[in-house]
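Work through these exercises with the model open.

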Amino acid sequence: MSLLTRRRLLRRAALSATAAGAARTGLAGATVAGIAASTVALGGCDSPPERTTDPEPDRGLRFPDGFAWGAATSAYQIEGAAKEDGRGESVWDTFSHTPGRTRNGDTGDVAADHYHRYAQDLDLMRDLGLRSYRFSISWPRIQADGSGRPNQRGLDFYRRLVDGLHERGIAPMATLFHWDLPQALQDAGGWENRDTAERFAEYADVVFRALGDRVPVWLTINEPKTVVQNGYIWGHHAPGIRDEDAAYLVAHHLQLGHGLAVQALRASGATGRIGPALNLHPCYPADDSAESAAATRLYDGYENRLYLDSIFKGAYPQDVLDDLGPDSRMVRGVRDGDLKITSSPVDLLAVQYYTPIYVTGDGGTVRKWPTSEAEWQQIYPEGMYDILTRVTRDYGRVPITITENGLPCPDVPGADGNVDDAGRVTFLRDHFAAAHRAIGDGVPLESYHVWSLLDNFEWAEGYEQRWGLVYVDYASQRRVLKRSAHWYRDVIRRNGL
């Protein structure tokens with residue numbers, strides 16, 4: 001790869017959603033205006049709007065009948081019970097226990113203790129009025145070493161969780177892989193090894209046959225781009241590798257695993273729907289130059305089209321392949337028939353939106369909008385509208401679910417014990433309004449899941465950032481509904497703003 005490409009990839013990784021270590025890299029490349037703007041909390045949490053307990057005025061923005069309001073979590077971030085009931089070690093266990101990898105040396109060993117407190121958390125969901133709950137299944141809890149006979153105690157836990165959701169009138173939405181690869185598979189090469197995609201399909205089949213009659217929606221792989229960029233280019237996520245050539249071979253094998261899992265669901269006879277969960281970043285030229293326009297097109301190829309095209313068009317974008325070069329491990333790793341597998345027909349697309357990206361003529365990036373506590377996240381609700389309408393325009397009317405959207409706030413209980421996260425309310429209100437506008441313009445959006453239900457282990461940031469609707473006191477594991485949770489309950493009740 002050229003030096004320009006290498007620099008571009010590293011900058012891209014630093015801006016990726018959930019790029020937890022990016023805040024430590026400073027403001028190099030940001031415009032003066034962008035830096036100044038980052039001190040203003042436009043929908044962020046540093047300077048929340050005037051605090052009030054009065055209900056917000058009814059804006060008259062109603063969502064379609066049957067719209068499913070929900071919240072999302074992932075297994076390693078909330079479950080804890082890392083060594084209980086036959087669970088094996090994951091790459092995130094290894095990574096978080098390696099000195100210097102996570103802030104304060106935090107791990108997911110206990111997290112929000114959801115494994116033991118799931119019934120209490122299910123009651124919280126019911127009390128909020130959630131209609132859908134998007135969670136992930138821990139692969140090493142089902143297969144300790146990533147293959148072979150399933151662990152019945154692990155399957156039983158998810159069966160109890162799914163049954164509890166149905167008892168409370170909440171639809172389960174299960175993600176098969178949210179980054180917690182069994183360490184034994186990583187030791188054998190991880191996602192660089194094509195065999196891991198096959199093992200993933202076998203694991204998926206186990207789960208489909210155990211739970212398929214109770215789960216209406218399945219998501220295959222969560223944010224393959226984040227695994228590629230943060231896990232293999234920047235190295236601040238598990239498995240902590242910095243190898244660009246390996247990274248895009250990993251991208252292909254993740255897409256292959258997705259397609260094989262789709263095929264496994266069809267073969268299992270389960271009636272649920274299935275699709276991928278992609279974090280999509282609208283990319284905009286930083287200025288009006290032809291150079292910025294060209295650089296933005298390629299940047300979008302790496303950020304979005306690399307994943308969307310292989311799933312919906314059965315091809316990787318040619319500009320990205322040309323940029324990688326014919327000798328790249330990815331290009332050489334694509335076999336005959338692979339793209340037919342990656343493009344196995346899906347039933348829906350899960351979109352995760354956090355931030356826009358502004359691209360300069362040399363392939364760098366600049367900041368245009370204020371940031372949240374996570375400095376990689378520029379707060380730009382219009383980007384939600386842009387990415388939803390773009391997907392529908394370019395890839396057809398595939399049903400869409402938003403499976404992650406939210407921001408971290410420095411939440412602290414007040415003297416009365418309540419948590420007044422007014423900035424999160426503003427952020428969600430503005431993004432909901434953008435989604436409503438997209439629906440009005442023809443986007444087949446059917447549900448919206450706020451990230452996250454609970455404060456949790458935020459990957460390399462440990463417990464430093466709080467993203468939840470529900471405050472978790474980690475010492476006591478006490479749960480407290482934040483102001484945003486009470487507000488969200490009202491949104492759900494009236495099905496709109």
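**Exercise 1. Classify Asp 394: buried, partly exposed or exposed?**

Solution. This is a predicted model, so the answer is a computed one. Step one: read the relative accessibility of Asp 394, which is 33%. Step two: recall the cut-offs, with buried under 20% and exposed over 50%. Step three: place the value. Asp 394 counts as partly exposed because its relative accessibility is 33%.

**Exercise 2. Find the salt-bridge partner of Asp 394, and classify that partner.**

Solution. Step one: look at Arg 393. Asp 394 forms a salt bridge with Arg 393. Step two: take the closest N and O atoms, which are 3.5 Å apart. A salt bridge needs such atoms within 4 Å, so the pair qualifies. Step three: check Arg 393 itself. At 60% relative accessibility, Arg 393 counts as exposed. Step four: widen the view. Arg 393 and Asp 394 belong to a network of salt bridges. Also linked in it are Asp 300, Arg 305, Asp 319 and Arg 390.

**Exercise 3. Describe the salt bridge between Arg 483 and Asp 420.**

Solution. Step one: the closest N and O atoms of Arg 483 and Asp 420 are 3.0 Å apart. Step two: locate both ends. Arg 483 lies in helix α18 (residues 483-494). Asp 420 sits in the loop between β10 (400-404) and α17 (422-440). The two are 63 residues apart, and the pair links distant parts of the chain. Step three: at 27% relative accessibility, Asp 420 counts as partly exposed.

**Exercise 4. Are Asp 121 and Arg 479 buried or exposed?**

Solution. The side chains of Asp 121 and Arg 479 meet in a salt bridge, at 2.9 Å from N to O. Step two: locate them. Asp 121 is in helix α5 (residues 114-128), and Arg 479 is in strand β13 (residues 478-481). They are 358 residues apart. Step three: apply the cut-off for buried, under 20%. Asp 121 has 0% relative accessibility, so Asp 121 is buried. Arg 479 has 11%, so Arg 479 is buried too.

**Exercise 5. Describe helix α11 and its two ends.**

Solution. Step one: helix α11 (residues 244-268) has 25 residues. From first C-alpha to last, α11 reaches 36 Å, close to the 36 Å expected. Step two: 21 of the 25 residues are buried, so α11 is largely enclosed by the rest of the structure. Step three: at the start of α11, a side-chain oxygen of Asp 243 reaches to within 3.2 Å of the backbone nitrogen of Asp 245. Step four: just after α11, Gly 269 takes a positive phi of about 85 degrees.

Conventions. Residues numbered from 1 in each chain as written. Predicted model: local features only at pLDDT ≥ 70, side-chain atom pairs only at ≥ 80, totals over all residues. Heavy atoms only, no water. Helix = DSSP H or I, 4+ residues; strand = E, 2+ residues; numbered from the N terminus. Buried < 20%, exposed > 50% of the residue type's maximum accessible area, 1.4 Å probe, protein only. Expected span 1.5 Å × (residues − 1). Polar contact = N/O pair within 3.5 Å; in protein donor to acceptor, adjacent residues only side chain to side chain.
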